[in-house]
Amino acid sequence: MANRAGIIDAFEFARLGKETSGSVPLVRLARAVDGLPSQPAGEPGEVRWSVRGETGRQGEPLLHLRVQANPVLICQRCMEPFAHPIDAQVSLQLVQSEADLDDAGEAARDDDGEDVIDDAPEKVVGSRHFDLLEQVEDELILNIPYVPRHDVCPGGPLKTSAGDPADGTDADKRPSPFAVLEKLKQKH
């Protein structure tokens with residue numbers, strides 16, 4: 001259930017150029033934490049968000065959303081938990097109905113037919129009871145990696161340091177599998 005403070009009249013918010021921000025415990029965003037390990041309580045487990053409304057160059061209502069969080073994920077290399085920093089920003093163009101969402105493909109090209117998808121805001125259906133926290137949760141879900149991994153796993157055989165088997169010293173002593181195949185091929 002959404003926090004009432006997260007409900008806005010999206011079109012009015014954009015038209016007036018309003019701004020708001022807040023935070024919510026990550027554990028309250030059930031879709032985002034589904035399948036994740038236990039999340040920390042307090043400030044480390046908070047999702048911070050801010051939104052700013054504006055009217056675009058062609059009069060389109062826009063919301064600029066920023067989401068910051070550090071969800072705990074399980075590294076799929078070493079199977080250890082780690083905090084994954086997320087600092088995501090997205091621009092949302094408000095449309096009146098689901099039918100208006102279908103125009104996204106046409107708006108994603110400029111006059112020369114070139115793709116401008118990177119610059120085009122994502123279209124969402126706006127309303128007088130627009131749930132900001134649902135958008136925050138959606139953005140968070142989009143930024144949680146499907147296969148989470150450390151940049152460098154702590155400890156274990158995956159760590160590369162002097163004398164570690166992964167540093168290539170043992171690999172230099174072993175014959176190449178292709179060299180072994182070549183020897184077999186020469187025997188026959």
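Helices (H or I, at least four residues) and strands (E, at least two) are DSSP runs, numbered from the N terminus. Glu12 and Arg15 both sit in helix H1, 3 residues apart, which is about one turn of the helix. They also form a salt bridge, with their closest N and O atoms 2.7 Å apart; by salt bridge I mean a side-chain nitrogen of Lys or Arg within 4 Å of a carboxyl oxygen of Asp or Glu.

Quick housekeeping. This is a predicted model, so local features need pLDDT of at least 70 and side-chain atom pairs count only at pLDDT 80 or more, while totals for chains, interfaces and linings use all residues. Residues are numbered from 1 along each chain as its sequence is written, and side-chain values use heavy atoms, with hydrogens and water left out.

Okay, the overall picture. The chain has 7 helices and 9 strands. Of its 188 residues, 30% are buried, where buried means under 20% relative accessible area, exposed means over 50%, and partly exposed is in between (1.4 Å probe, protein chains only). The accessible surface comes to about 12,600 Å², and 49% of that belongs to carbon and sulfur atoms; those areas come from the Shrake-Rupley method with a 1.4 Å probe, and for residues only the protein chains shown count as cover. As for contacts (heavy atoms within 4.5 Å), residues 24 or more positions apart account for 63% of those with a separation of 6 or more.

Now the inside. A nonpolar core here is a set of buried Ala, Val, Leu, Ile, Met, Phe, Trp, Tyr and Cys residues joined through side-chain atoms within 4.5 Å. The largest one has 32 residues, and those with the most contacts inside it are Val47, Val51, Leu63, Leu94, Phe130 and Leu140. Who supplies two or more residues to this core? Helices H1 (10–15), H2 (30–33) and H5 (132–143) do, along with strands S3 (46–55), S4 (61–69) and S7 (86–95). S7 gives the most, with 5 residues. And if you click on Leu140, you'll see it touching Leu26, Leu29, Ala32, Val47, Val67, Ala69 and Ile86, leaving aside residues up to four places away in sequence.

Let's stay with S7 for a minute. Of its 10 residues, 7 are buried. S4 and S7 run antiparallel, joined by 8 bridges, and two strands count as paired if DSSP finds at least two bridges between them. In that pairing, Gln68 stands opposite Asp87 in S7. With strand S8 (residues 122–125), S7 runs parallel, through 4 bridges, and there Leu94 stands opposite Val124.

Asp87 has another partner: it makes a salt bridge with Arg66, closest N and O atoms 2.6 Å apart. That pair links distant parts of the chain, Asp87 in S7 and Arg66 in S4, 21 residues apart. Asp87 is partly exposed at 46% relative accessible area, and Arg66 is partly exposed too, at 31%.

How many salt bridges does the structure hold? The count is 6. Another one joins Glu54 to Arg52, with closest N and O atoms 3.9 Å apart. Arg31, Glu137 and Asp138 are linked in a network of salt bridges.

Is Glu139 buried or exposed? At 10% relative accessibility, it counts as buried. Its contacts, again skipping residues up to four places away in sequence, are Leu65, Val67, Ala88 and Val90. Glu139 and Gln68 are 71 residues apart in sequence, yet 9.8 Å apart in space, C-alpha to C-alpha.

Last stop, the cysteines. A disulfide means a pair of cysteine sulfur atoms within 2.5 Å, and a search of the whole structure finds 0. Cys75 is in no disulfide, and the nearest cysteine sulfur, that of Cys153, is 3.6 Å away. Cys75 counts as buried at 0% relative accessibility, and Cys153 counts as buried at 5%.

That's my tour.
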